[in-house]
Amino acid sequence: MHIYTCPFCGPRPETEFHFGGEAGNDRPDGDVPAQAWADYLHYRQNPKGAAREIWIHLTCHEVFVMTRDTVTMAAQPGEPIPSDTTDRGDA
Amino acid sequence: MTRHYSALNLAREGLSGHKGWARAWTSPEPKKRYDVVIVGGGGHGLATAYYLAKTHGITNVAVIEKGWLGGGNTGRNTTVVRSNYFFPESVALYEMSLNLYEELSKELNYNVMLSQRGMLMLCHTPAEMEMSARLVNAMQLNGTDAELLDTEGVRKIMPIYNFSPDSRFPALGGALQPRGGTARHDAVAWGYARAASALGVDIIQQCEVTDFLIEGGACRGVKTTQGEIRADRVGLAVAGHSSQMAEKAGFRLPVTSYALQACVSEPVKPILDIAVHCAGSGSYASQSDKGEIVIGGGLDRVPSYGQRGTLPTLEHVIAGILEMFPAFRQLKLMRQWGGIVDVVPDSSPLIGPSPLPNLFLNCGWGTGGFKAIPAGGTLLAHLLATGQHHDISRPFDLDRFATGRLIDEAAGSGIAH
Ligand SMILES: Cc1cc2nc3c(=O)[nH]c(=O)nc-3n(C[C@H](O)[C@H](O)[C@H](O)COP(=O)(O)OP(=O)(O)OC[C@H]3O[C@@H](n4cnc5c(N)ncnc54)[C@H](O)[C@@H]3O)c2cc1C
Ligand SMILES: [Zn+2]
């Protein structure tokens, strides 16, 4: 069992977490070519080694960023998402 | 030296203590230049080399493998072969493969131990039964074999299943592909390697491709741990490491690498005469020729390049198997392992030219590319020889992610990969 650290709840077992995708994969704005949409929707960095990822702690429902090594599985403590990105478009 | 495998040669060699058998393939030093270099000595890379030589007469070919032949997913999979897919494009691809498998032992003069014992996808709810009826209809329309079974049909071919009324996974029925089954994974890799080597292909192991030679915006060969090797065309068949190699070539792929694990029990007497998949748990099993119960299931939940699985997934897979077959509770597990599989959003492979001219792709097989080795090799060989798509590979081009013509088999056949 791996232990991940939610920035709000602390260390918890891996089964409480859900992988939410690569961090920094921002949705393109405006009228963009089809390939830019394909990049956003489907293409991935898929890094070997250090990876910056979005995770969700299913028990507290918080979304956060975690740096994880995709070879050794070592996970750094999760970081809260900076507020300037969470504020975006909350209508 | 004796090369051909036959009963007569076996008897003859028996008389002289089996000292006269030639090595299955030669291991030469890499040359400075080839017509085609194939990166990756798994089943797809080796089959590509074989068909380049056999079908297209291109024999100045090298397969470059960083470890040993079949040491990737080809030697780590649970060996199920089948073509029970939904979309016509997929059936054309996997049916081509199954047809080639049916002749492969003869074609390669190497026993790949194809055993067409049938592949059964179980259903546990009325909704799953309806989806299975749809799948069976689609398969029949697309020209492959498929039958819809009810509970009694399942009981007849798999009496050991848990038919108790309080089973978590009651067998309402299932979709059977009688021509599905298993084949010996190592034999597929070794058979293609041996046959390709006999036609003049260089099989080079313990040699890692570290970069591409890019000149004038096109691929001109590879850099390896044994020096530079120039080539007119390069084929990439590195499964879970496709994104890593693509990055060196200057592009990205719609691929995420995950660990997929499997395990086998101690050998027991014949008890399970079919390859069976349980939709409820995602677990599946078959019995090997040695008697081991070979067990697999769904992907680990986390992107990974670590060639091992995580415990919660293994627990989930085994819980599913024990619910399906309570008698297996007594079995001891002998081995457990993982492979790094290349998962694509629509669960279909990527075959075609890459964004870098002269570099061609064969990847994205995810959890299900063993069954596709003969077809994947045929199609990549066609691309490398002609520079053009084969009709069967055209729909699997990378361009489908921009055009939106996805071939979503997770939705189509409900196969979770
Ligand atoms: C546990 C498990 C169970 C599976 N079960 C099934 C099944 O029942 N049925 C089915 O059809 N499929 C199954 N699969 C999937 C199947 O194994 C794969 O899709 C298939 O083997 C892929 O073949 P390949 O030749 O593309 O890749 P691989 O066999 O992985 O070969 C790629 C090779 O490339 C080499 N390589 C990587 N990078 C480099 C480099 N830089 N330089 C040189 N060489 C390099 C690797 O060492 C490797 O040998 C399973 C997979 C796993 C892991
Ligand atoms: Zn939390």
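**Figure 1. Residues around ligand 1 in the predicted model.** The shell around ligand 1 holds 38 residues, and E65(B), N73(B), T74(B), T78(B) and K371(B) come nearest; a residue is counted if one of its heavy atoms lies within 4 Å of the molecule. This is a predicted model, in which local features need pLDDT of at least 70 and side-chain atom pairs count only at pLDDT 80 or more, while totals for chains, interfaces and linings use all residues. Residues are numbered from 1 along each chain as its sequence is written, chains are lettered from A and ligands numbered from 1 in the order in which they are written, and side-chain values use heavy atoms, with hydrogens and water left out. By class, the shell has 15 nonpolar, 18 polar and five charged residues. Here Ala, Val, Leu, Ile, Met, Phe, Trp, Tyr, Cys and Pro count as nonpolar, Asp, Glu, Lys and Arg as charged, and the others, Gly among them, as polar.

**Figure 2. Backbone contacts and cover of ligand 1.** Polar contacts are pairs of N or O atoms within 3.5 Å. An oxygen atom of ligand 1 lies 2.7 Å from a backbone N or O atom of K371(B). For G368(B), a polar backbone atom is 3.2 Å from an oxygen atom of the ligand, and for K66(B) a backbone N or O atom is 3.1 Å from a ligand nitrogen atom. Ligand 1 taken alone exposes 1,000 Å², of which the protein buries 96% (Shrake-Rupley method, 1.4 Å probe).

**Figure 3. Elements of chain B in the shell around ligand 1.** At least two shell residues are supplied by each of α2 (43-56), β12 (256-267) and β16 of chain B. The largest share, three residues, comes from β12(B). Helices (H or I, at least four residues) and strands (E, at least two) are DSSP runs, numbered from the N terminus.

**Figure 4. The second largest pocket.** This pocket has a volume of about 490 Å³, the volume being the space filled by probe spheres set on grid points that are joined across faces, edges and corners. A pocket is an open set of points on a 1 Å grid over the protein atoms alone, where a 1.4 Å probe fits, with protein on both sides within 12 Å along at least five of seven lines; lining residues have an atom within 4 Å of a point. The lining has 22 residues, and T79(B), H185(B), S288(B), K290(B) and E292(B) lie nearest the centre. Two or more lining residues come from each of α6 (185-198), β14 (284-287), β15 (292-296) and β16 (333-343) of chain B. By class, five lining residues are nonpolar, nine polar and eight charged.

Terms used. Polar contact = N/O pair within 3.5 Å; in protein donor to acceptor, adjacent residues only side chain to side chain.
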